[in-house]
Amino acid sequence: MKVVTQAVSCLLALSATLCAGGFDRAIVTANARVVKLYGLAAGAQLGYGTGIVVSPDGRVLTVLSLLIDARRVRAVTSEGTRFAAQVLARDAERQLALLQLVPWEDAERGGVDSDSSSVADSGAPRVGPFPSFDPILGTPLKPSGDPEFPRNIAKEPPRLQPGDWIVAAGNAFKVAEGSEPVSFVRGVFSTRTRLDARRRVRDFPYRGEVLVVDAVTSNPGAPGGAVVNLHGFLVGMVGRDVVSNLTNTHFNYAIPGDVLAAFLRDTETKKNAAPTPTDSSVVNSLDRRSAAEASAEETMNPSRDVGIRLARAGYQKVLPFVERVKLGSPAAQAGLQKDDLILSLNGKNIGDVADFHEQMKMLGPDEPVDLVVRRDRRILSLRMEPTRN
Amino acid sequence: MTLLAGSTLLTLGARAEISDADRALVFEREQKRIELAARLAPAVVCVYDENRRGGGSGVLIDSQGHGLTNYHVLAGMMKKRQGFGGLSDGKLYDLDVLGIDPTGDVAMFRLSGREDFPFVSLGDSDRVKIGDAVLALGNPFVLSEDHAPTVTTGIVTGVHRYQWGTGANLIYSDCIQFDASINPGSSGGPLFDAQGEVVGINGRISINTRGRFNVGFGYAITMNQIRRFMPAMRAGLLARHGTLQATVEDIEGSGVVFTELLRNAAGYDAGLRVGDHLLELDRTKIASRNHFASLIGTYPENWPVHLRIERGGFAHEFHARLEPVAPKLAHPFTPDLDVNRRQVESVLRGYRQAVLGNSSAPPRHRAWNTVREFGSHDAAVSRQEKYEGRIAGDFASLRQIHADGSKGRVIEFSDRAAVSRSSTAPDEAPAELPHDQKQVLAAQYLAFQKLLNWSSLDELPETSHVGGDAWVPITWSPGATTTRQSEKERVLDVVRWSLGDQWDVRLGFDAETSFLACITILDLPTRAEVQVDFADWSDVGGIKAPKYVTVRGAGAPFRDELTDWELSP
């Protein structure tokens, strides 16, 4: 008991404001092992998020998103220290990414290539040691790599039972800055299920199993956050925001710990050998097919063809306002601008975003598109010549 | 373990059986929560505008019907300053808007129509920690038909948060973040800790793309911030926040540095200069620009703050009084004189009650002995003098007693004439005394006589409540290190009093105990100011009297220890 007490007080010293309540261990443990991420902001991607430290030398797990495509991703630890984060691996199937923290100054000097695997191969860690989670067992580790709570050394990953408390730690809404503790939501684990079977979702290729929780995790900035049980063991990661196209409801879930572990194992394997198929215990063939379909769906995404993205905000009916126009795209060449409201497409009235996509699907690959749009108070006719490259 | 985190419920790996003891614990906790909600609900107010529309929440904090809510709940009622408040007894009461704090998004109201309103006690929000259990009560979505509040529970998920406002309005500084659901209509409702004390006023949520409802991120203004603004709000005033007129930035490797200071403004006048490294604000180590902005936002205008900075390798300390931040208001806010006068009366009655207790009539004659100690720079006490004090009717005097027991000079003060006289022997002509001697005696006369012998405000000179302040005790000798920050902050109710034509008197009453903490007398012709502190109020012959009176005037500060009280009716 003495050892445990020391461990806890040591953690409390790290962040003096944290303490008290039945969730104290979960909160303190998780807070010390997540980083605040700042990167690319574009459209719905707000440019901030969260990552989980999964090794004492600064490996960070997060969700695959535009955020990490920034020229330089900034990671701020719970102690308020700033690092640059470089992408080591991406997994489009599981929608995960692995980052490596490097000294901010190095990145500033341009001494390290961005998005290269050279960091991983260079051997000796140049940052840390950090408190982290054992990615396989979920055990919270001290910077030395020893378990944080020696009395509770786990032999196998924690298994959640429906009804178990969970705490999710992440920098939702960017409330915290610097060394300020991130935000926490606590709730109950409901069930483990397949996302696809429950929701009609798009734009989300992951078809594996998820942990359904009743805490609100689908907040901006929360994805990539650590989901821990009451003992502070990592059980999952808050996944990308998933919205039902039918009801516009957001789904609260986490990517299970074993999926995270599988991703890390794959990354290790890839590093040592040629790329191998994904661990079938996690993502079975059905999943892969679904993922393939999903990516096919993505490539057929008509918005991409003409180089525009439409607004996503709104309730039941989403008006087809143009949110972005890709530079040099057919849409841009036709003179389409941000904030144009699309009224009709090839003579068909367009009432909402769904109408637009529906009509775009009907088009042949080389068919020109006649648009009528409203810009401020003017009505304009534009013609786009879609080109498939 | 304050929450239901039964260890056996969550063992690693396989689930253990739930024991009867754990089950009993769960039911016990649940029962406690039910009782707590039932005990607190009667003091929660459903706030409606004068057309019985709108929807906000509030909480009653005393039996007279004073309540707290958000400014944005009452903002629409500022024209008539009237509305309605529904309680869980099912009745609708008239609501009057008192003072407002638009910057901090807090306002005070008063319900009428009942003798004894249910109320809750106020907690210490500095003790709130991440993970603490909290209850939020209020009327979200105006769900309640019978004014019984909705209860939600959760935990504290963040402290010392800063949430930007719109310009100078609705800034949530150093606020509490929690995950109990609050939604439109919950605004102004109380956040309770597990003991059922109010630790904050709920007023804000972070929202997602789907609309204006809760996603697990609620924010409450801390009770300890609100406490500082309560004296002004209760007195029907516009409570403004304070600023140093200074900007700090996080400089990599150097910490928090002052980068801009408005000349001839609070921070600059206190001695701060651009380039100073900010170390502490009111004994709290400052970690970031955000941290500074958050903390400074919790203080009212004119509030005394202590700053510790580093300049050229040396630490320096400064004291500043903050300048006001003007909030944006749709209608100009004019304080309600009746509300203010009522609060003056309430404060003065509170003091009399605290001193006299159940004694019906205050003693008409009081005498005491004093040992006066003067502070000096090289020793705690440089010299001692003995005096005899006496107050009867409108007359007060202080006579010096020499070491051999012989009687020395006399200082006198009269309410009507405000004169003083000094003589070394009865037949000698009186000599003019320094003003501060007269002011000290006048302060004692006010504290021990005038403020205890009145039945209607009309008997007293023109008075007004001017808001709150923090008590900064006099450091009467260098040996004593008493400062406001070394003990719990004491918030004062400040009553201003024009005594005669030439004195501007400020009476500072402890907002919690009602005792007089200090009197400041400014002599208008000479601008000479004297502060007299009254400390250690204790029992003397059935009533209360201070043990120490400390004085800061023109000369060296001194402290009188008052002993051997003699009271006669």
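These legends walk through several close-up views of a predicted model.

In this predicted model, local features need pLDDT of at least 70 and side-chain atom pairs count only at pLDDT 80 or more, while totals for chains, interfaces and linings use all residues. Residues are numbered from 1 along each chain as its sequence is written, chains are lettered from A and ligands numbered from 1 in the order in which they are written, and side-chain values use heavy atoms, with hydrogens and water left out.

**View 1. Chain B as a whole.**
Let's start with the overall picture: chain B has seven helices and 31 strands. Helices here are DSSP runs of H or I with at least four residues, strands are runs of E with at least two, and both are numbered from the N terminus. Of the 569 residues of chain B, 54% count as buried; buried means under 20% relative accessible area, exposed over 50%, and partly exposed in between, with a 1.4 Å probe and protein chains only. The accessible surface of chain B is about 24600 Å², and carbon and sulfur atoms hold 49% of that area (Shrake-Rupley method, 1.4 Å probe; for residues, only the protein chains shown count as cover). Among contacts in chain B with a separation of 6 or more, 59% are between residues 24 or more positions apart; a contact means heavy atoms within 4.5 Å.

**View 2. The open sheet of eleven strands in chain B.**
In chain B, eleven strands line up as β24-β23-β22-β21-β31-β30-β29-β28-β27-β26-β25, with antiparallel pairing. Two strands pair if DSSP finds at least two bridges between them. The edges are taken by β24 (407-414) and β25 (463-470) of chain B, each with a single partner strand, so one side of each has no neighbour in the sheet. On average, neighbouring strands of this sheet are turned by 25° against each other, direction ignored. Zooming in, β28 (residues 516-523) and β29 (residues 528-540) of chain B run antiparallel and are joined by six bridges; B:Cys518 stands opposite B:Asp533 in β29(B).

**View 3. Helix α6 across the sheet.**
Helix α6 (residues 337-356) of chain B lies across β25, β26 (491-499), β27 (503-510), β28, β29 and β30 (543-552) of chain B, and runs at about 70° to β25(B). Axes are lines fitted to C-alpha atoms, for helices over the stretch in contact, and angles run from 0 to 180 degrees between N-to-C directions.

**View 4. Aromatic pairs.**
Over all chains, the structure holds 18 aromatic pairs. Rings of Phe, Tyr and Trp (its six-membered ring) pair if their centres lie within 6.5 Å; planes under 30 degrees apart count as stacked, over 60 as edge-to-face and the rest as tilted. One of the pairs is B:Phe258 with B:Phe292, edge-to-face at 6.2 Å centre to centre and 80° between the planes. B:Phe258 belongs to strand β15 (residues 255-261) and B:Phe292 to helix α5 (residues 289-296) of chain B, so the pair ties together parts 34 residues apart in sequence. Both B:Phe258 and B:Phe292 are buried. The ring centres of B:Trp368 and B:Phe448 are 5.5 Å apart with planes at 80°, so this pair is edge-to-face. It links B:Trp368 in strand β21 (residues 365-374) with B:Phe448 in helix α7 (residues 435-450) of chain B, 80 residues apart. B:Trp368 is buried at a relative accessible area of 2%, and B:Phe448 is buried with a value of 2%. Ring pairs also join B:Trp368 and B:Phe448 into a cluster with B:Tyr351, B:Phe509, B:Phe515, B:Phe534, B:Trp537 and B:Trp565.

**View 5. Arginines over tryptophan rings.**
In chain A, A:Arg72 lies over the face of A:Trp104, 4.9 Å from the ring centre. In chain B, the charged end of B:Arg352 sits over the ring of B:Trp454, 4.6 Å from its centre. A charge sits over a ring if NZ of Lys or CZ of Arg is within 6 Å of the ring centre and within 35 degrees of the ring normal.

**View 6. Positive phi angles.**
Most residues other than glycine have a negative phi. A:Asn346, not a glycine, has a positive phi of about 50°; A:Asn346 sits in the loop between β17 (341-345) and β18 (348-349) of chain A and counts as partly exposed at 27% relative accessibility. B:Asp564 also has a positive phi of about 50° without being a glycine. B:Asp564 is in strand β31 (residues 558-568) of chain B and counts as exposed at 54% relative accessibility.
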